[in-house]
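Let's take a walk through this model together, with the structure open beside the text.

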Amino acid sequence: MRDFNFYAPTEVVFGKQSEEQVARLVRHYGGTRVLVHFGGQSAKRSGLLDKIIALLDADGISHVELGGVVPNPRLSLVKKGVALCRDEKVDFILAIGGGSVIDSAKAIGYGVGYEGEPWDFWTGKAVPASCLPIGVVLTIPAAGSEMSSSCVITNDENNDKRGVNSNLCRCKFCIMNPERTFTLPAYQTAAGATDIMMHTMERYFTVYDDMTLTDAIAEALMRTVKDSAMEVMRNPTDYRHRAQIMWAGSLSHNDLTECGSTKDFATHRLEHELSAMFDVTHGAGLAAIWGSWARFVLPGHEARFARFATNVMGVDCDFTDLRRTAERGIEATERFFCSLGMPVSIHELLGRDITDDEIEEMARRASHDGQITLGNIRVLKREDMVEIYKMAK
């Protein structure tokens, strides 16, 4: 077991009508001039954006708005947000949406106090030294960015997608009303559930396997998401199961399921190149590539994968053949993804064959021209990344 620090400072306000507390929370955390940041038309169509604006107005909190966040949030909008915050003397950012909006808000928060190009943080040229305080009204449970230290941005000048981790960007509060997820499209619900599962799976498959309590928490979380996802696909307005998914999304990525262990996140890094190159939905990209990653790293880790197969996917364990039990667990996971309507190959994801040149380019980007490796349960070199992409074709 590894020594660890666990830091989760975000205040969570969970439940029906919880958005009614937004003005109180903004004031409590020092907001007086707020950037209200959101995505497309859904926040407006649902009436949530108008409600939040009205609540801020009623409390006398001044604000400016910036919409237009898209999946795989773009650096160009981040730059626009930084300039707006400086011009308007913004001292607090309120994100209304899911992971893309939250990550865009975090990137803006980093950039306001930095004189250089915001992208410097994602290339390693600079390290974040400050961040405007951020609050969230969550509408899409998936990325877990509302309680994580992570911020992933796509540079739309070169389609480079990278992440930065810093506790400076952890949100001050997150408002979670599961009723706000009732109208999510089925595909978005499925992709979100997949991403939530993967955030814990990326921590579960590790060389450290002696933190019994963390493993048990991780397994319970994954089982819950798996079961609740099927329920909300059948009944989108099932409050109980929507609530399970929403809470699991936050717990899956606030480092709780990493305590005493360490994370791998190779699948995420490989998928980042898929979504950067083809602008696909992140959760769907993860489903398309995970099975190939799992089969590639399986040798030498059969017991770990067999435990997952048994304790999460419900596969009967054959103690005389852990390899076969592990393989059946991978197959069961792929069947689960398929049952949600998720792809389990790159061909299914894109609707066409991927070329060898495209694979080589993704591996080049993921490995930073062969300068870095990915993962820890098995350390992946550039040639390993190529092989996994080819297996996932």
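C169 is buried, with a relative accessible area of 1% (buried means under 20% relative accessible area, exposed over 50%, and partly exposed in between, with a 1.4 Å probe and protein chains only). Before going further, please keep in mind that this is a predicted model, in which local features need pLDDT of at least 70, side-chain atom pairs count only at pLDDT 80 or more, and totals for chains, interfaces and linings use all residues. Residues are numbered from 1 along each chain as its sequence is written, and side-chain values use heavy atoms, with hydrogens and water left out.

Now look for a partner for that cysteine. A search of the whole structure finds zero disulfides, a disulfide being a pair of cysteine sulfur atoms within 2.5 Å. C169 is in no disulfide, and its nearest cysteine sulfur, that of C131, is 5.9 Å away.

Next, turn to E146, which sits in the loop between strand 5 and strand 6 (150-155). Helices (H or I, at least four residues) and strands (E, at least two) are DSSP runs, numbered from the N terminus. E146 is a charged residue by type, yet it counts as buried at 2% relative accessibility. Leaving aside residues up to four places away in sequence, E146 touches T10, I102, V136, L138, C171, C174, M176, G249 and S250, where contact means heavy atoms within 4.5 Å. E146 and F173 lie 27 residues apart in sequence, while their C-alpha atoms are 8.1 Å apart in space.

Two of those contacts, G249 and S250, lead us to helix 9 (residues 239-252), which has 14 residues. From its first C-alpha to its last, helix 9 reaches 20 Å, close to the 20 Å expected at 1.5 Å a residue; the expected span is 1.5 Å times one less than the number of residues. Helix 9 is mostly covered, with ten of its 14 residues buried. Among them are H241, R242, I245, M246, G249 and S250. The buried residues of helix 9 pack against strand 1 (11-14), strand 5 (134-138), strand 8 (173-176), helix 7 (186-204) and helix 8 (212-234).

Finally, how many cavities of 30 Å³ or more are there? The count comes to two. On a 1 Å grid over the protein atoms alone, a cavity is a set of points where a 1.4 Å probe fits but cannot get out, and lining residues have an atom within 4 Å of a point. Grid points are joined across faces, edges and corners, and a volume is the space filled by probe spheres set on the points.

The largest cavity has a volume of about 50 Å³. Its lining is formed by T200, R203, Y204, M211, T214, D215, A218, T257, S261 and R304, and helix 7 and helix 8 each supply at least two of the lining residues. The second largest cavity, of about 30 Å³, is lined by S148, S149, S150, N165, R203, H253, D255 and K263. That lining divides into no nonpolar, five polar and three charged residues.

Technical notes. On a 1 Å grid over the protein atoms alone, a cavity is a set of points where a 1.4 Å probe fits but cannot get out, and a pocket is an open set with protein on both sides within 12 Å along at least five of seven lines; lining residues have an atom within 4 Å of a point.
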